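User: Hi! Could you walk me through this one? I'd like to go over it piece by piece.

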Amino acid sequence: MARPRQPESLPRRLHRRRIYVLPTRFGLFVAVVLGAMLLGALNYNNNPALLLALLLATVAIASTLSAHLQLSGLQVDAVSAEPVVAGATLRLRINLSRADTRTRRGLVLALGESQGYGHLVDTDQIEVDLSLPTTRRGWLDLERIRISTTQPLGLVRAWSWVWPDTPLLVYAAPEPQPPPLPEGDGDPLHTRVHASGDELHQLRSYRPGDPQRSISWKHSARRDTLLVREYEKPVGVDVLLDWRQMGSLPGEVKIARLARWVDMAEREGRRYTLQLPGQPLLGPGQGSSHHHLCQRALALMPHG
């Protein structure tokens, strides 16, 4: 099998039947020059020129074999990436290793327009990074990854393809300016800035849209600028993030809002439960594992 026709499991080792070799533009130019030298040497019966042309042709053939050996025996061990939100750039990590002691130089890994470079010289394993753009939430299926090299002389390019069966997760993009978290229950160990709170939190500059009743006219007169009162209100530790409580909003808007609320609850150190249609409750919980489970569930919701 030279080029995979479907995704394949890893690790995957490159053998001779998977490797292509073709001359580069520079290699074609050298071939034309060598052909002219051979014709001229034969035409004028010039033995030194003929010997030089044959020696250079031998070097070119050896370079072709060496380029092939740069990839032969190379192994793609794993492909991984940390989840990112839709629209961000995903950092794809590709782990390569070798089973022999041959030096590999000038390895180029390409996926779409992204390229990464690596060498296997003093170590038996390397990690090459590729940057992939993301556009939508859910699983990101990888395309074929091309591994190539033009070493040692740049006369030929040897390349091979690997198609990892490793889907990568892309989180839903959170809503930029969501409403505050729903009121929680449990012991009110936390406070949050709230317009109808009980205790004064701070004074800040007036922003368009602030209600007039929150303006502190006394302090505004002293500062010669409008100031608004912000209060703190006790909130419960546990919060329920329920899909059904958001009414008739479009599905993607609900997903974006819940994704932001999950981030907000995690940042505030509150336990949270995520309730999605047709799925069991997630939580209550807190921490990186629970955060990932909730964001994964949101990312894999059906597209409306």
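User: Let's start with Arg18 and Glu8: buried or exposed?
Analyst: Arg18 and Glu8 are buried, where buried means under 20% relative accessible area, exposed over 50%, and partly exposed in between (1.4 Å probe, protein chains only). Keep in mind that this is a predicted model, where local features need pLDDT of at least 70, side-chain atom pairs count only at pLDDT 80 or more, and totals for chains, interfaces and linings use all residues. Residues are numbered from 1 along each chain as its sequence is written, and side-chain values use heavy atoms, with hydrogens and water left out.

User: And how do the side chains of Arg18 and Glu8 meet?
Analyst: In a salt bridge, at 3.0 Å from N to O. The term stands for a side-chain nitrogen of Lys or Arg within 4 Å of a carboxyl oxygen of Asp or Glu. Arg18 sits in the loop between strand S1 (12–13) and strand S2 (20–23), while Glu8 is in the segment before S1, so the pair ties together parts ten residues apart in sequence. Helices (H or I, at least four residues) and strands (E, at least two) are DSSP runs, numbered from the N terminus.

User: How many salt bridges does the whole structure have?
Analyst: The search finds 13. Another one joins Arg271 and Asp238, at 2.6 Å from N to O. That pair links distant parts of the chain, with Arg271 in strand S17 (residues 271–275) and Asp238 in strand S16 (residues 238–242), 33 residues apart. Arg271 is partly exposed, at 36% relative accessible area.

User: What does Asp242 pair with?
Analyst: Asp242 forms a salt bridge with Arg244, and the closest N and O atoms are 3.1 Å apart. Asp242 is buried, with a relative accessible area of 5%, whereas Arg244 counts as exposed at 64%. There is a network too: salt bridges with shared partners join Glu8, Arg12 and Arg18.

User: Switching to sheets: what is the order in the five-stranded one?
Analyst: S2-S11-S10-S6-S7, an open sheet with antiparallel pairing. Two strands pair if DSSP finds at least two bridges between them. S2 and strand S7 (114–120) are the edge strands, each pairing on one side only.

User: Which residue is the bridge partner of Leu109 in S10?
Analyst: Ile147. Strand S6 (residues 104–111) and strand S10 (residues 145–149) run antiparallel and are joined by three bridges.

User: And which strands does helix H2 lie across?
Analyst: Helix H2 (residues 47–71) lies across S2, S6, S10 and strand S11 (156–162), at about 20° to S11. For such angles, axes are lines fitted to C-alpha atoms, for helices over the stretch in contact (heavy atoms within 4.5 Å), and angles run from 0 to 180 degrees between N-to-C directions.

User: What about the sheet with S4, S12 and S9?
Analyst: Its three strands form an open sheet in the order S4-S12-S9, with mixed pairing. Strand S4 (84–85) and strand S9 (138–140) stand at the edges with a single partner strand each, so one side of each has no neighbour in the sheet. S9 pairs with strand S12 (residues 168–171) in the antiparallel sense over three bridges, and Gly138 stands opposite Val170 in S12.

User: Which helix lies across S9 and S12?
Analyst: Helix H5 (residues 288–299), running at about 90° to S12.

User: Great, thanks! That covers my list.
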